[in-house]
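Visitor: Could you take me through one part of this structure slowly, and then show me how that part sits in the whole?

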Amino acid sequence: MSAFSRLTPLASALPSTVPFVGPEAIERQRGLAVLARIGANENGFGPAPSVFAAMREDAGDIWKYNDPENFALREALGTHLGIPPANINIGSGIDELLGQIVRLVIEPGAPVVTSLGAYPTFNFHVAGFGGRLVTVPYVNDREDLDGLLDAAKRENAPLVYFANPDNPMGSWWDADRIVAFAKALPETTLLVLDEAYSETGPANALPSISSLIDMPNVVRTRTFSKAYGLAGSRTGYVISTAGTAQAFDKIRNHFGMNRLATSAALAALKDQAYLAEVVGKIHAARERIGGIARANGLQPLPSATNFVAIDAGRDGVYARAIVDGLMEHGVFIRMPGVAPLNRCIRVSVGPETDMALLEESLPQVLKKAGR
């Protein structure tokens, strides 16, 4: 299959890969139906009823472009966070925003520091803009803040990525440690602090807005995909100084936001009572997953996210056998991509029907895998 002959040398050199294989692709490739979709860190409990009502009410306006300034959502987020709207910018999910950050900062060959095995979409964007990844191994299943700091200084890196709470391990650092890390970075290094799971972790894992808001070299990314249950609507945002946040306006797709997604995000943000309820369900489901793991001789790791990483006790080959075996039962899960993290499997939270199918299937899969 031939491609257009005048792709850039960079684009021509990139591998034809995507960061994730979706459950839909697995269904097509393997002829299997996903019965329990608990692998993509989606929120299986879904958004608030008020969100569905808002989308239905606004559906008649779908013929209109969304407000290119995202004024209403920025205002609502500013009120919610206690900061001026100028400190916020909007994008269609954190994944898009990560690409914009890399585009703003990275030139071909520039070093970019991240953790070995951390969120792969960030690496995908770095490669797409010609950056050079410098990776730091996890230590005790947590991102190594000292190692990241050393690498950023050693490489004079313009960009460093750190997620708290972390994907794929679910681990976290306390807020004071994160603030100290941010302040120890050179002013010429931009910290991407990915807080996709900010609502599901302990309160002491989340730095206050005021602790970092005056630092031009810190961009915090957040999303409506996880706790708010709106992964399919693709709505995320950045928090930074006004100057850094507004730099996104130079490169972003100004008509990139879906009008109904904006309606959904506004309604979700307004319904904090439902958010509290669903976060409680997420915490309970994490305990349920942990109990299923322990009952089968596996070790769940502590989690501050909407998933649980489970140490399967061997290596990546064995973990892959569990992932593939569960899919034979219609249970879709994932696993970390690199050793030693790939000794684990990763199970997202979901309703009790999903948990029950996991509980029923896992012993059969482990037996077949030779546990």
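Guide: Let's start with Leu-193, whose bridge partner in strand E7 is Arg-220. Leu-193 belongs to strand E6, residues 190–194, and E6 is joined to E7 (residues 218–223) by 4 bridges, the two strands running parallel. Helices (H or I, at least four residues) and strands (E, at least two) are DSSP runs, numbered from the N terminus, and strands count as paired if DSSP finds at least two bridges between them. Please keep in mind that this is a predicted model, where local features need pLDDT of at least 70, side-chain atom pairs count only at pLDDT 80 or more, and totals for chains, interfaces and linings use all residues. Residues are numbered from 1 along each chain as its sequence is written, and side-chain values use heavy atoms, leaving out hydrogens and water.

E6 has another partner: strand E5 (residues 159–163) pairs with E6 in the parallel sense over 5 bridges. Here Ala-163 stands opposite Asp-194 of E6. To get from E5 to E6, the chain passes through helix H8 (residues 175–184), in a right-handed β-α-β crossover; with the strands pointing away from the viewer, that path runs clockwise.

Tyr-161, Leu-98 and Phe-122 are among the residues with the most contacts inside the largest nonpolar core, which has 29 residues. Such a core is a set of buried Ala, Val, Leu, Ile, Met, Phe, Trp, Tyr and Cys residues joined through side-chain atoms within 4.5 Å. Elements giving two or more residues to this core include E5, E6 and helix H5 (94–105), and H5 gives the most, with 5.

Now for the wider view. This core draws at least three residues from each of domain 1 (9–46 + 273–370) and domain 2 (49–270), bounds that come from an automatic or database domain assignment. The centres of the two domains, taken over C-alpha atoms, are separated by 24 Å, and 32 residues of domain 1 are in contact with 32 residues of domain 2.

How values were computed:
Buried means under 20% relative accessible area, exposed over 50%, partly exposed in between (1.4 Å probe, protein chains only). Contact means heavy atoms within 4.5 Å.
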